[in-house]
Amino acid sequence: MKPSLRLLQGAVLLLALAQAGIAQTAGTDTTEPPPAPSALDAELFYELLLGELNVQGTEPAAGFALVLDAARRTNDPALYQRAVEIAFQGRSGDAALQAARAWKQAFPASREANRYVLQILLVLNRVTESAEPLKAELALTDPKERNATLGAIPRLYARVGDKKLAASVVEQALADVLADPATAASAWTAVGRVRLTAGDTAGALEAARRAQAADPKSEAPVLLGLELMDPKLPQAEAIVRRYLEGKPLPEMRMGYARALLDAHRYAEARQQLQQVTADKPDLAEGWLALGTLQMQDNQLAPAEASLKRYVELAQAQRAPEERSRGMAQAYLVLSQIAEKRRDYAGANAWLDKIENAQDLVVAQSRRASILAAQGRMDEARKLIRSLPERNPTDARMKLNAEVQLLRDQKQYKAAHDLLAKAIAKDPTDTDLLYDQAMLAEKLDNFPEMERLLRQVIAAKPDYHHAYNALGFSLADRGVRLPEAKQLIQKSLEYAPDDPYISDSLGWVEYRMGNKSEAVRILDAAYKARPDPEIAAHLGEVLWSNGQRDRAQAIWKEGLLLDGDNDTLQETLKRLRVKP
């Protein structure tokens with residue numbers, strides 16, 4: 001059989017590499033000494049050609065052996081690398097390791113050869129043996145690049161099977177750089193990250209604290225602290241706040257603001273975002289987050305200004321894909337602002353600007369909301385149903401959009417019936433069951449609501465919204481109050497900083513006659529999250545406690561946030577108050 005063109009090309013390439021001496025091969029570092037003049041002769045050329053033919057034919061192992069032998073005879077780093085590649089092609093990890101170690105032995109100062117050894121050991125899950133190559137990797141790295149290399153170590157060990165062993169090996173290998181003031185912060189952060197991957201949260205926190213102690217100005221431990229932030233681990237947030245007391249990068253403060261938003265600590269997040277936009281007015285992301293939060297607080301004019309500022313900056317600065325995602329969010333929120341002002345033409349105009357197909361469902365949902373607000377409910381539902389349904393995710397998004405539309409228009413029975421059809425297809429879907437329970441409550445069908453919520457809790461014991469919803473419903477109706485309090489406290493165990501759950505706890509305390517405690521809890525919840533429903537509850541407790549002026553002031557604030565809020569309007573009507 002005649003050799004194929006591809007085989008001959010491979011052999012010619014090897015010939016060219018050998019003849020050139022491979023002094024500066026692409027992808028090969030310059031730590032190897034200049035090679036000796038080429039030892040290529042007819043015998044070696046034939047060996048290389050035969051090796052490539054075997055690799056492409058039916059005997060790749062024989063081809064590997066011939067190329068590796070040629071690499072040893074010529075002391076050629078490019079041939080060593082080719083031997084490693086052949087082993088990889090044949091899916092022979094042991095052979096790849098053999099070639100990489102031979103390369104490393106021939107060129108002890110080659111960082112590339114050492115890196116191959118390290119990576120192959122980890123692919124083979126021979127974690128303990130990786131300690132020495134990891135030490136060598138750091139020793140061979142330019143001191144100016146050593147911190148960056150340390151930052152890459154957790155990713156390098158991410159796919160290792162035994163995470164605890166990986167954490168131990170990394171810490172052992174990093175002993176020298178952990179003790180070096182120039183690298184201690186990055187090294188301890190790397191240790192913290194591999195500990196975190198191994199499930200050792202306490203160890204990760206300790207490493208982050210030691211990293212910050214080594215260099216209080218370093219961002220590395222702060223990023224780890226942000227990742228560790230949790231209500232049950234307040235020491236992690238302390239690392240972040242300590243860094244922010246100095247002269248922090250605005251991007252780091254932005255990261256803290258995102259973490260606060262994730263924890264539903266909106267008032268604190270707003271303060272951080274205001275600081276971010278003041279410190280770095282051209283950071284587009286800060287304006288987008290601030291504008292979205294201002295919109296949630298019904299601060300329409302400031303929200304509009306922030307979002308328009310984001311649009312202006314994003315158009316000039318951001319990469320197309322990233323800009324598309326952020327712009328879609330900005331346009332959607334700007335559309336909501338216009339809709340709240342009953343500027344339906346303006347709302348549609350903002351939606352027309354959305355180009356990302358993935359945001360089509362959200363945009364069409366906003367359009368449907370605009371139609372419904374104009375009394376064109378049938379058209380609104382048809383608009384949502386006309387969306388393409390390419391996969392189960394699309395179908396779920398359409399269902400959620402239509403149910404939310406019906407709920408917003410107070411068509412609770414229609415929404416309930418629509419969900420019932422979906423649940424019939426998947427009776428174990430806890431999110432659908434929860435939504436159905438909330439609609440049952442709107443229809444005053446409390447037995448069904450409780451049955452559904454208990455079904456959710458049984459299927460998913462950490463579904464804290466279900467505990468809160470059931471507890472609040474019992475408290476609001478003034479029944480089984482000790483049980484209601486127990487349910488809400490259970491919910492708070494899963495989300496201790498959630499102001500809406502604290503609102504429920506304050507309400508049950510009020511129902512149980514503990515007015516002072518109710519005021520304390522509701523006051524803190526309202527400060528954390530100014531919300532019309534929390535305002536309704538706090539105002540009522542204050543009103544019943546004789547603090548009527550303050551109650552009316554709170555209610556006025558609530559009306560400014562959302563004058564159409566059902567709970568607030570019902571409270572004012574029941575108490576015959578005109579704030």
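A charge sits over a ring if NZ of Lys or CZ of Arg is within 6 Å of the ring centre and within 35 degrees of the ring normal. With that in hand, I looked up R477, and it lies over the face of F446, at 4.2 Å from the ring centre. I found R529 over the face of Y266, at 4.0 Å from the ring centre.

**Ground rules.** I am working with a predicted model, where local features need pLDDT of at least 70, side-chain atom pairs count only at pLDDT 80 or more, and totals for chains, interfaces and linings use all residues. Residues are numbered from 1 along each chain as its sequence is written, and side-chain values use heavy atoms, with hydrogens and water left out.

**The whole chain.** I looked up the secondary structure and got 33 helices and 0 strands. Both are DSSP runs numbered from the N terminus (helices: H or I, at least four residues; strands: E, at least two). Next, burial: 49% of the 579 residues count as buried. Buried means under 20% relative accessible area, exposed is over 50%, and partly exposed is in between (1.4 Å probe, protein chains only). The accessible surface comes to about 28,700 Å², and 51% of this belongs to carbon and sulfur atoms; the areas come from the Shrake-Rupley method with a 1.4 Å probe, and for residues only the protein chains shown count as cover.

I also checked contacts (heavy atoms within 4.5 Å). Among those between residues at least 6 apart in sequence, 51% join residues at least 24 apart.

**Cores.** A nonpolar core is a set of buried Ala, Val, Leu, Ile, Met, Phe, Trp, Tyr and Cys residues joined through side-chain atoms within 4.5 Å. The largest one here has 68 residues, and Y434 and L453 have the most contacts inside it. Apart from it lies another core, of 47 residues, including L307, V333, L334 and A338. Back to Y434: leaving aside neighbours within four places in sequence, Y434 touches L453, V456, Y463, H465, A466 and A469.

**Aromatic pairs.** I noted 7 of these in the structure. Rings of Phe, Tyr and Trp (its six-membered ring) pair if their centres lie within 6.5 Å; planes under 30 degrees apart count as stacked, over 60 as edge-to-face and the rest as tilted.

I looked up Y80 and F107, an edge-to-face pair with 6.5 Å centre to centre and 85° between the planes. Y80 is in helix α4 (residues 77-89) and F107 is in the loop between α5 (93-106) and α6 (111-123), so this pair ties together parts 27 residues apart in sequence. Y80 is buried at 3% relative accessibility, and F107 is buried at 5%.

Y467 sits in helix α27 (residues 464-476) and Y494 in helix α28 (residues 481-494), so parts 27 residues apart in sequence are tied together. Y467 is buried at 9% relative accessibility, whereas Y494 is partly exposed at 36%.

**Helix α30.** This one covers residues 515-528, which is 14 residues, and reaches 20 Å from its first C-alpha to its last. That is close to the expected 20 Å, the expected span being 1.5 Å times one less than the number of residues. Its buried residues are A518, V519, I521, L522, D523, A525 and Y526. Their cover includes α29 (499-511), α31 (532-544) and α32 (548-561).

**One glycine.** I found G63 in helix α3 (residues 60-74), and it is buried, at 0% relative accessible area. G63 and A83 are 20 residues apart in sequence and 8.8 Å apart in space, C-alpha to C-alpha.
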